[in-house]
Amino acid sequence: MSVPAEDSDGDLIVRREGGAGVIRLNRPKTINAMTFEMSLGIDAALDRFESDPDIAVVLLEGAGERGLCAGGDIRGLYESSRVGGDLGKVFWRQEYVMNARIAKYPKPYVAFMDGLVMGGGVGLSAHGRHRVVTERTKLAMPEVGLGFFPDVGGTYLLPRVPGEIGTYFGLTGQTMNGPDAIYAGFADAVVPPGLLAALREALTKVRPGTPSTEIDRLIAGFATGEKAGPVAALRGQIDPWFAHDRMQDIVDSLKRDGSDLAQSTLKVLGEKSPRGMVVTLKLLRLARNASSLEECLVREYRAALEVFRSDDFREGVRAAVIDKDRNPKWSPAAIEDVTPEMVAPYFAEIGADELKFS
């Protein structure tokens with residue numbers, strides 16, 4: 001379903017359509033990359049729809065044909081990091097608290113995850129109660145390629161994927177298609193793109209007070225029933241490679257295997273930030289026993305503030321977004337050179353800056 005852009009309404013469109021409170025990300029030229037102001041607007045819309053007795057469901061969608069959301073406004077974060085600003089501290093605090101709010105939203109929250117869904121777009125959608133993907137869905141958390149890690153609650157979701165598929169997605173940043181997103185627990189139903197408009201129309205006719213179980217049944221009436229995609233089919237190979245708790249052991253396991261898939265996976269890992277991968281793996285392992293999304297978000301916020309101060313983050317964004325030469329110079333350049341002393345600050349408590357939830 002192609003949702004038209006409405007430039008005159010700004011970067012975020014919030015309105016009621018029947019019983020649906022619609023939140024439309026409206027920056028199609030950037031694949032709806034979310035700015036700090038948009039995040040504040042989404043929070044305000046959630047307030048408004050929660051208190052409006054005539055709103056039965058909240059519907060999140062993206063304008064344009066390319067996707068729901070390409071992530072946060074990484075260029076703005078890069079500029080702030082370069083000059084020692086505080087956008088990372090402010091932006092991620094707002095975003096992470098909102099991610100937790102979406103997970104507990106009291107009304108049915110439906111996310112249309114059609115097209116590209118990355119980074120911050122995952123945080124807006126994958127914590128929702130009803131998550132709809134399509135055959136065009138390309139969902140990814142490629143943050144290790146920016147010297148970062150899968151945040152917005154990614155470290156809570158990925159360890160809950162069957163086997164080591166979540167570790168694989170988190171470290172490689174590889175893309176999930178719609179059925180793989182179902183398998184990974186990031187989505188609930190695959191709906192053909194040609195039926196999205198009809199599903200959307202049906203959602204606007206839902207009566208206030210309709211329970212989520214009824215919304216599930218409504219969506220299921222449009223869904224294909226697919227439950228797993230091509231990456232899930234590789235679990236038998238991926239699990240033993242990514243079961244290790246040290247990044248170097250994962251690399252060594254891939255080298256020993258020597259298959260075409262192992263070699264191509266090694267090549268992908270070789271393009272990522274060594275420090276980012278080590279931090280990501282530790283976050284994923286710590287999250288295995290996490291009791292809540294909030295616990296993981298607190299840990300992510302500590303790590304994110306350290307990322308914001310790091311050379312690897314600026315270098316990763318420079319290579320991918322600013323200069324687009326795809327040739328980042330990581331520091332250090334090799335996994336074996338990432339020391340415990342380098343990693344420790346990402347996990348240190350941060351006093352008065354700790355993330356808190358109301």
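**Close-up views of a predicted model**

**View 1. A hairpin turn links β1 and β2.** In the hairpin of β1 and β2, 2 residues sit between the strands, and Gly18 there takes a positive phi near 60°. This is a predicted model, where local features need pLDDT of at least 70 and side-chain atom pairs count only at pLDDT 80 or more, while totals for chains, interfaces and linings use all residues. Residues are numbered from 1 along each chain as its sequence is written, and side-chain values use heavy atoms, with hydrogens and water left out. β1 and β2 (residues 20-25) pair in the antiparallel sense over 6 bridges; two strands pair if DSSP finds at least two bridges between them. Helices (H or I, at least four residues) and strands (E, at least two) are DSSP runs, numbered from the N terminus. Look for Glu17, which stands opposite Ala20 in β2.

**View 2. β2 within the open sheet.** The open sheet has 6 strands in the order β1-β2-β3-β5-β7-β9, with mixed pairing. At its edges are β1 (12-17) and β9 (189-190), each pairing on one side only. β2 runs parallel to β3 (residues 57-62), joined to it by 6 bridges, and Arg24 stands opposite Glu61 in β3. To get from β2 to β3 the chain passes through helix α1 (residues 36-51), a right-handed β-α-β crossover. Right-handed here means that, with the strands pointing away from the viewer, the path from the first strand over the helix to the second runs clockwise.

**View 3. The two faces of β2.** In a regular strand the side chains alternate between the two faces of the sheet. On one side of β2 are Ala20, Val22 and Arg24, on the other Gly21, Ile23 and Leu25, and all are buried. Buried means under 20% relative accessible area, exposed over 50%, and partly exposed in between (1.4 Å probe, protein chains only).

**View 4. Ser310 in a loop.** Ser310 lies between α14 (293-308) and α15 (311-322). Is Ser310 buried or exposed? Ser310 counts as buried because its relative accessibility is 8%. A polar atom of its side chain lies 3.3 Å from the backbone nitrogen of Phe313.

**View 5. The largest pocket.** On a 1 Å grid over the protein atoms alone, a pocket is an open set of points with protein on both sides within 12 Å along at least five of seven lines, a cavity is a set where a 1.4 Å probe fits but cannot get out, and lining residues have an atom within 4 Å of a point. The largest pocket holds about 1,100 Å³ of space. Its lining has 43 residues, and Ile74, Met118, Leu146, Ala320 and Val321 lie nearest its centre. Which element supplies the largest share of this lining? That is α15, with 4 residues.

**View 6. The second largest pocket.** This pocket has a volume of about 310 Å³. It is lined by 14 residues, with Arg246, Met247, Val278, Val338 and Val343 closest to its centre. α13 gives the most to this lining, with 3 residues.

**View 7. The second largest cavity.** Among the residues lining the second largest cavity are Phe148, Arg275, Asp312 and Tyr346. Helix α13 (residues 274-287) gives the most to this lining, with 3 residues.

How values were computed: Polar contact = N/O pair within 3.5 Å; in protein donor to acceptor, adjacent residues only side chain to side chain. Points joined across faces, edges and corners; volume = space filled by probe spheres on them.
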